[in-house]
Amino acid sequence: MAEHRRSLDQPTDQPTGGRGLLGRRRVLGYLIAAPTLAVGVSWLVNDADPRAADAAVPSLPQPVDIFDLGDLQNLAAAPTSGLITVELKTDGTAYFAVPRAEVGQGITTAFAMMVAEELDLPMDKVEIGLADARPELLMNQLTGGSNSMRSMYLPVRTAAAIARQRLVDTAAAHWGVAAGKVTTRAGVLTGPGGLTATYGSLAEAAAAVKTITVSAELKSPSEFSVLGKPRNRVDGHDIVTGRKQFAMDMQVPGAKPTMVARPPTINGTLKSVNNLAALRAMPGITDVVGITHGVAIRGDTFGQCIDAIQKVDATWGPGTVDNESDATVLAKLRAAQLPMAVPPVLSQTIDAEFVFAFASNSPLEPDCAIADVRADSAEIWSSLKVPIVAQEDIAKQLGLPIDAVKVHVIQGGGSFGRHLFHDVAAEAAEISQKMGKAVKLSWSRTDNFRQGRTHPMSTSRVRVNYLAGNVLTYEQRHTSVQTDFGHGLGEMITAYAADLPVGGNLSFAETIFELTQSSPYNFGVTTQLLNEVPLKFNTGSMRNIYSPNVVCAEELVVDRLAAKMGQDPVRFRRNFLKDKRLLAVLNKAAEVGKWGKAMPKGTAQGVGVHSEYRAAVATLVEIDCRPETVNRPVEGEGVTGPRVTKAVIVVDPGFCINPRGLEAQMIGGLQDAIALALTSSLHIKNGIPLEGSWDNYFYTREWNSPLDVEVVIMPNTSESPSGAGELAVAPAFAAVACAYARATGTMPTYFPINHGTLGFEPLPVQPSTPQSPTDGLDHTF
């Protein structure tokens with residue numbers, strides 16, 4: 001059973017009403033001309049508190065300590081934050097269309113809590129939807145970088161607070177009393193002498209006939225009755241009962257099932273379809289057309305599409321990485337590694353290199369989209385985390401004006417970075433345009449793993465010079481296959497380059513690296529640099545971007561440093577950590593996890609710390625690497641190995657909006673970390689991954705997932721939330737790796753540790769062997 005430990009101000013039971021309450025903050029916004037009350041906001045605040053180094057050989061602040069990726073996203077979102085609106089309906093419910101994507105992380109619940117808190121409405125009176133692509137939001141409709149709560153916490157609360165104040169003012173004017181005499185509770189306004197009115201009854205009267213500037217006051221945290229309290233997901237019941245509608249459940253009249261026969265190498269092109277007439281004559285098949293990277297087949301059912309795919313006889317052109325395999329990519333990465341700057345002179349040195357294999361960010365729901373392209377318009381439905389860029393690109397692809405392409409954002413069954421890209425929506429649009437019909441496109445499982453986006457292979461070299469109990473220099477050279485950031489972050493960097501604390505002509509990826517990576521230790525002169533190899537794989541960010549690999553490498557070296565200096569790993573970290581918040585979470589993790597307790601040979605504890613998104617987290621795990629455990633067969637699995645048996649995650653998220661949601665995020669990050677450390681990777685051979693489905697790609701399973709997981713949430717250290725969605729992956733990855741090293745006596749240098757053992761018989765690398773979108777699952781989205 002996971003445990004929450006929080007220190008929150010006790011809420012008052014008094015209803016809130018007029019202005020002047022102690023602790024409230026004045027906010028500005030707009031009343032937007034609308035039939036019923038609609039409110040926008042006009043400003044955004046972000047706080048940062050870099051701390052000074054205080055060790056014997058302190059490290060200077062790195063760029064991310066001054067200005068991080070979340071700050072960049074906040075800066076980009078600020079100019080259009082006033083276009084975010086909360087609407088009140090005549091039935092007394094509030095509606096908020098989130099300009100972000102819900103892909104399982106629970107943001108719809110968090111936003112409902114914000115609206116309910118500031119409007120004094122019950123949670124069941126708040127409806128949350130997902131906004132269509134809104135080009136007027138510019139760079140304020142991107143979901144990524146654990147930024148949704150950071151960037152929208154104040155704007156959404158402000159819109160709700162202004163709506164509530166407008167209702168108070170309207171009721172006061174109607175009753176002829178002072179606004180300070182009107183209070184609100186649970187969607188009802190109360191005035192002197194028992195006067196009452198429901199929100200719904202005043203929704204139209206409170207509406208503005210023109211857009212005007214107004215002000216209101218935000219609640220103080222001491223007044224919160226919703227925010228900061230554990231809440232179940234607003235869609236939780238629908239999820240567990242199968243009623244939840246995901247992108248694949250969408251039904252659009254005329255949009256028939258469509259799938260694609262794909263080339264045998266990544267990005268291979270179609271030269272010809274040699275049996276077109278035979279395919280079109282197959283049962284249920286309505287259309288067959290050639291597209292850029294395959295043969296699209298539309299039928300009455302997905303099963304009929306799969307039957308037709310198996311019969312495709314096509315001639316294929318080359319792909320973009322046909323001759324690449326794990327070994328060739330690794331050789332190119334090593335050749336591109338940047339040199340170390342500090343030689344090991346008059347000091348002791350640790351040199352280490354770590355290799356991280358390609359990994360898949362395929363979510364549980366395979367890529368899918370509906371497209372209905374007409375001669376002068378198009379309509380798209382898909383799970384999209386950057387819908388504005390999708391709309392722009394698809395309009396250009398179709399030769400249509402942007403305002404002729406309508407893009408609907410649908411909830412997705414996971415993402416992990418995959419839905420930052422709109423490949424499937426663009427492909428659906430191409431197919432629909434060529435067929436002249438609406439299509440419901442689904443990629444197969446095999447498509448997702450072999451032709452979808454991957455987290456690129458990388459190496460991380462570390463050199464540390466130390467002397468007389470202090471670390472003098474820390475250098476890390478991270479080398480990666482090129483990461484594609486063409487989904488919107490690049491636009492932000494271009495637009496705000498002058499505001500970034502990085503110099504020179506850095507690429508998008510290098511700038512992202514500089515704005516996310518920072519050593520938490522006082523290790524003297526510290527440099528962490530990125531270099532990329534421009535191989536044309538379909539790459540993209542995976543949960544936590546660079547941090548899992550970078551932090552894993554650093555924390556393994558920290559454990560080696562501790563051993564060289566004769567110190568306990570936790571004590572060593574305590575001596576060198578720069579951030580008091582990190583020190584606090586580390587101390588708590590060591591306490592709760594009983595660091596240093598006696599354990600059997602072949603088992604061990606490991607610890608990892610990480611600070612990102614203005615948050616802090618520490619993870620302590622226990623691992624069992626005993627031969628009888630590692631070699632114990634698991635029925636139905638193609639791989640065995642070490643088991644993580646216990647985990648403690650301690651997190652400081654600034655202000656915790658929903659402890660229950662934060663706990664889920666931490667546990668999800670732990671599962672990702674176990675996979676990356678021990679079992680999950682793609683094996684590239686002759687330009688294609690060998691993995692073809694979940695039964696080949698060994699994500700964390702029940703057999704190696706710890707039953708004993710405890711999440712501890714530290715007392716609030718801020719009135720604003722930090723980022724947390726991806727926060728737990730890096731330190732948990734590092735903790736598992738460090739535990740493995742201590743249990744086996746050998747520091748792992750290639751991840752995941754089982755990458756050298758294939759563990760399965762690969763599907764033939766042909767377009768005629770796809771797995772259906774639902775193979776290997778107990779249920780269908």
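These legends describe close-up views of one predicted model. Residues are numbered from 1 along each chain as its sequence is written, and side-chain values use heavy atoms, with hydrogens and water left out. In this predicted model, local features need pLDDT of at least 70 and side-chain atom pairs count only at pLDDT 80 or more, while totals for chains, interfaces and linings use all residues.

**View 1. Helix α19 packs against helix α20.** Two packed helices are described by the angle between their axes and the distance between the axes. Helix α19 covers residues 659-679 and helix α20 covers residues 729-744. Helices (H or I, at least four residues) and strands (E, at least two) are DSSP runs, numbered from the N terminus. The angle between α19 and α20 is about 45°, and their axes are 8 Å apart. Axes are lines fitted to C-alpha atoms, for helices over the stretch in contact, and angles run from 0 to 180 degrees between N-to-C directions. α19 and α20 are therefore oblique to each other. Angles under 35 degrees count as roughly parallel, over 145 as roughly antiparallel, 65 to 115 as roughly perpendicular and the rest as oblique. The crossing of α19 and α20 is right-handed. A crossing is left-handed if the near helix is turned anticlockwise from the far one by less than a right angle, and right-handed if clockwise. On the α19 side, the contact includes Gly669, Leu670 and Ala673. On the α20 side are Val729, Ala732, Phe733 and Val736. Contact means heavy atoms within 4.5 Å. By class, this contact of α19 with α20 has ten nonpolar, one polar and one charged residues. Ala, Val, Leu, Ile, Met, Phe, Trp, Tyr, Cys and Pro count as nonpolar, Asp, Glu, Lys and Arg as charged, and the others, Gly among them, as polar.

**View 2. Helix α15 also packs against α20.** The angle between α15 and α20 is about 40°, with axes 8 Å apart. α15 passes α20 in a right-handed crossing. Among the α15 residues in this contact are Val551, Cys552, Leu556 and Asp559. Their partners in α20 include Phe733, Cys738 and Arg742. By class, the contact of α15 with α20 has eleven nonpolar, two polar and three charged residues.

**View 3. Helix α15 packs against helix α16.** Helix α16 covers residues 569-576. The angle between α15 and α16 is about 100°, and their axes are 9 Å apart. These two helices are therefore roughly perpendicular to each other. Glu555, Val558, Asp559, Leu561 and Ala562 in α15 meet Pro569, Phe572 and Arg573 in α16. By class, the contact of α15 with α16 has five nonpolar, no polar and three charged residues.

**View 4. Asp559 sits in helix α15.** α15 spans residues 547-564. Asp559 is buried, with a relative accessible area of 13%. Buried means under 20% relative accessible area, exposed over 50%, partly exposed in between (1.4 Å probe, protein chains only). Not counting residues up to four places away in sequence, Asp559 touches Pro569, Arg573, Cys738 and Arg742.

**View 5. The largest nonpolar core has 97 residues.** A nonpolar core is a set of buried Ala, Val, Leu, Ile, Met, Phe, Trp, Tyr and Cys residues joined through side-chain atoms within 4.5 Å. Those with the most contacts inside this core are Val471, Phe523, Phe537, Leu561, Phe572 and Met666. Its largest share, ten residues, comes from α20. Leaving aside neighbours within four places in sequence, Met666 contacts Val617, Ile649, Val651, Val711, Ala724, Leu727 and Ala728. Apart from this core lies another, of 58 residues, with Met113, Trp175, Leu202 and Leu227 among them.

**View 6. Asn140 meets Ala77.** Asn140 lies in the loop between β5 (126-130) and α4 (148-175). Ala77 belongs to helix α2 (residues 69-77). Asn140 is buried at 2% relative accessible area, and Ala77 is buried at 3%. Beyond its neighbours within four places in sequence, Asn140 also contacts Thr80, Ser81, Ile84, Pro99 and Arg100.

**View 7. The backbone has a cis peptide bond and positive phi values.** Most residues other than glycine have a negative phi, and most peptide bonds are trans. A cis peptide bond joins Phe751 and Pro752, with omega about -5°. Phi of Asn544 is near 85°. Asn544 is in the loop between β24 (525-533) and α15, and is buried at 1% relative accessibility.
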